[in-house]
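Here are my notes on this model. Please read them with the structure open.

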Amino acid sequence: MNKNIDSFPFYAETFLADSKGRMRPSNICSSMLNFAYRHADARGFGSTSSLGGVIARMGVHVERMPLEKERLRVDTWIRNLYHGFTDRCVRMVDKDGNEVVSMIATFAMIDLETRTSVDLSGDIGVAMNGC
């Protein structure tokens, strides 16, 4: 697998599901965003006391709803790096390798003291190059 893609095991806990045994859409999005944040943190692009990530836009495609107690794999990677934004992709894959849910989210890095965007083409962007 690509070294720039992080993969995490994911278990759809009972409390994440609705009464029909399917994961709730809000829990799917929340879980996928948490994995994207973990990927960012591991590469020095996570939130700190002076920097924060802000979601500018997000798109989700659901092939099928993950089922309660289903074991999945979550893959996440950086698709694009712009001057002030980064696109992060996340997908949930079932045990047979079928994509269940995919998401792309565009994040902006904000300097929390000045409330301005951080230029990702500088040091931070160099650290992320090839992610």
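**Notes on the predicted model**

1. The protein chain exposes about 7300 Å², and carbon and sulfur atoms supply 51% of it. Accessible areas come from the Shrake-Rupley method with a 1.4 Å probe; for residues, only the protein chains shown count as cover.

2. This is a predicted model: local features need pLDDT of at least 70, side-chain atom pairs count only at pLDDT 80 or more, and totals for chains, interfaces and linings use all residues. Residues are numbered from 1 along each chain as its sequence is written, and side-chain values use heavy atoms, with hydrogens and water left out.

3. The protein chain has two helices and six strands. Their order from the N terminus is β-α-β-β-β-β-β-α. Helices (H or I, at least four residues) and strands (E, at least two) are DSSP runs, numbered from the N terminus.

4. Of the 131 residues, 44% count as buried (under 20% relative accessible area, 1.4 Å probe, protein chains only).

5. The largest nonpolar core has 19 residues. Such a core is a set of buried Ala, Val, Leu, Ile, Met, Phe, Trp, Tyr and Cys residues joined through side-chain atoms within 4.5 Å. Phe10, Met23, Met32 and Met92 have the most contacts inside it. Contact means heavy atoms within 4.5 Å. Strand S1 (6-11), helix H1 (25-42), S3, strand S4 (85-93) and strand S5 (99-111) each give two or more residues to this core.

6. Asp75 is found in strand S3 (residues 71-81). Asp75 is buried, at 0% relative accessible area. Its side chain makes polar contacts with the side chains of Ser7 (2.6 Å) and Arg73 (2.9 Å). A polar contact is a pair of N or O atoms within 3.5 Å; within protein, one must be able to donate a hydrogen and the other to accept it, and residues adjacent in sequence count only if both atoms are side-chain atoms.

Terms used. Buried < 20%, exposed > 50% of the residue type's maximum accessible area, 1.4 Å probe, protein only.
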